[in-house]
Amino acid sequence: MNAARPRIYYFSRIDPPAMWRDALAGQLGDDAFDFIVGPGCAAPHEIDIGLMYNLPPEGLRAFSNLRAVLSLSAGVNQFDRTRMPPGVPLARSVDSSLAQHIVGYAKAAVLRYHRRFHRYERDSRAALWRFEHPRLNAQSAVGVLGLGELGSAVAAALAAEGFTVHGWSRSPRELAGVRTHAGAAGLAQLAGATDILVNLLPLTDETHGILSDALFSQMRPGSFVINMGRGGHLVEDDLLAALASGRLEAATIDVATVEPLPAGHPFWRHPGILVTPHVGGITTAATAAPQLAENVRRAMRGEPLLNQVDEGRGY
Ligand code: NAP
C-alpha cells in the first residue's frame, strides 16, 4: 500500500467504471491513483478506499487495510457493518444534482395528487369528463419526513410554490416557510395536519416501518403517501389496508424492500398505487466527484470524512 497513491476499489452494477474513474481523474489527476474494478479483487488487503453503492457479493471483510468506504448513494442502510472491516469510516454522497432530481420527483408526485391527475388518468381510460375545481396550492398541506439534504430541499421548494409545508426531523430544525416538528409528538402533529406525506428519511432501526397503520390512522381521510426513502420504511400490508379503508386515497412508491418489485406483488396493478423503479434521484459523477475526491484525500491523511456516517445514529 502506497500512502501517496491511493488504491481505489470500485464496485457498481449500475454505472460503467470509466464514468467514475474519469470523474475522479478530473479532481485528483490522471495518474494519481489506481482504480481496481470489482467485484473480484486480487489483493484486497492493498486497497485504501472502497467506492460503491452496495457491498460486493463477498462483502469487504478481506479488505483489511481500508481507510474509508465512500457510498455513491445518499442512503447507507445497505452497508451491513458485519460484512465490512470493523470501524472503517463510511461516508455518504451529498450531490447537488441528486437534490435536483429528488426535488423534481417530489414536486411531480405532489402536483399529480394536488391537481388530481391520478383521477383524470383513471377517468381518461374510462372516457369520463369529470370536472373538479382546481385547488390553490396553499389548500394542500404537504408533510415531509426527514429534513436533511434532500428533505429540506423538497420542503423549501414546495413552500416556494405556495404549498402549506410541514417538516419532521429528529432534532428541532428551522426552515423558512416550513412548519417544523421533531420527536414522537411532532410526528403526530404533522400527520394530523397533512394531506400529502413525502418520506425522505434514512432507513435506521428507529425509522424502520414508520409508514404504518399507526401513522396512517392519524392522517386526514383521503390522504396520499409518497415513499421516496427506502422500502423498509413502509409496512406494505398497512398501506394496502389504509387504501382499502379510504384512509389513504393513493400512494406513490419509488422504493421497495425487494427491488425490482417482484412480478406478482400486489402493488403492481393496484388502482391506488403508482410504482416507479427507484428513479427519485441518482448521484451524478460530475457533480459528486469533488466531494468524493476530497474524501479520498482526507482518508489518505487519516482525517474525518465529509458527510461521514455516525455509526450509532445509523445515518
Ligand atoms: P440526511 O441529510 O442524513 O437527512 C436525514 C434526515 O432525516 C434528517 O433531517 C434527520 O434528522 C432525519 N431523521 C433521521 N432519523 C430520524 C428519526 N428517527 N426521527 C426523525 N427524523 C429523523 O439524508 P438525505 O441526504 O436527506 O437522504 C435521506 C434519504 O433519502 C436517504 O437516506 C435515502 O433513504 C433516501 N434517498 C432516496 C433516493 C431515491 O432515489 N428514491 C435517492 C437518494 C436518497 P436530523 O436533522 O435531526 O438529523
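The domain bounds used here come from an automatic or database domain assignment. With those bounds, the shell around the ligand takes at least three residues from domain 1 (7–95 + 283–301) and at least three from domain 2 (96–275). Please keep in mind, as you look around, that this is a predicted model.

## The protein as a whole

Let's start with the overall picture. The protein is built with eight helices and twelve strands. Its radius of gyration is 21 Å, close to the 20 Å that the globule rule gives for 315 residues, so the protein is as compact as a globular protein of that length.

If you follow the C-alpha trace along its principal axes, you will find that it spans about 70 × 40 × 35 Å. Of the 315 residues in the protein, 49% count as buried.

## Around the ligand

Now turn to the ligand. There are 29 residues around the ligand, and those that come nearest are Arg-92, Leu-150, Ser-171, Arg-173 and Tyr-315. Sorted by class, the shell around the ligand holds eleven nonpolar, eleven polar and seven charged residues.

A polar side-chain atom of Ser-171 is 2.5 Å from an oxygen atom of the ligand. For Arg-173, a polar side-chain atom lies 2.7 Å from an oxygen atom of the ligand. Glu-149 takes part through its backbone: a polar backbone atom of Glu-149 is 2.9 Å from an oxygen atom of the ligand. On its own the ligand has 950 Å² of accessible area, and the protein covers 94% of it.

Which elements give two or more residues to this shell? They are helix H4 (149–160) and strand E7 (164–169). H4 gives the most to the shell around the ligand, with three residues.

Next, visit strand E10 (residues 223–227), where Asn-227 lies. Is Asn-227 buried or exposed? Its relative accessibility is 0%, so Asn-227 counts as buried, because buried means under 20% relative accessible area. The side chain of Asn-227 has a partner too: it makes a polar contact with the side chain of Asn-199, at 2.8 Å.

Val-235 counts as partly exposed, with a relative accessibility of 29%. The C-alpha atoms of Val-235 and Ile-210 are separated by 7.6 Å, and these two residues are 25 residues apart along the chain.

## A serine in a loop

Ser-73 is found in the loop between strand E4 (68–71) and strand E5 (90–91). Ser-73 has 11% relative accessibility and therefore counts as buried. A polar atom of the Ser-73 side chain lies 2.7 Å from the backbone oxygen of Gly-75.

## Backbone details to look for

Most peptide bonds are trans, and most residues other than glycine have a negative phi. With that in mind, here are some places in the backbone to explore.

Where is the cis peptide bond that has omega near 20°? This bond runs from Gly-38 to Pro-39. Pro-39 belongs to the loop between strand E2 (34–37) and strand E3 (49–52). A cis peptide bond also joins Glu-259 and Pro-260, with omega about -5°. You can find Pro-260 in the loop between strand E11 (248–253) and strand E12 (273–275).

Positive phi values come next. His-278 is not a glycine, yet it has a positive phi of about 50°. His-278 lies in the loop between E12 and helix H8 (285–301), and it is partly exposed, with a relative accessible area of 32%. Asn-307, again a residue other than glycine, has a positive phi near 55°. Asn-307 is placed in the segment after H8, and its relative accessible area of 30% makes it partly exposed.

Notes. Residues numbered from 1 in each chain as written. Predicted model: local features only at pLDDT ≥ 70, side-chain atom pairs only at ≥ 80, totals over all residues. Heavy atoms only, no water. Near = heavy atom within 4 Å. Polar contact = N/O pair within 3.5 Å; in protein donor to acceptor, adjacent residues only side chain to side chain. Areas by Shrake-Rupley, 256 points an atom, 1.4 Å probe, with all protein chains shown as cover. Helix = DSSP H or I, 4+ residues; strand = E, 2+ residues; numbered from the N terminus. Nonpolar A, V, L, I, M, F, W, Y, C, P; charged D, E, K, R; others polar. Rg over C-alpha atoms; globule rule 2.2 N^0.38 Å. Buried < 20%, exposed > 50% of the residue type's maximum accessible area, 1.4 Å probe, protein only.
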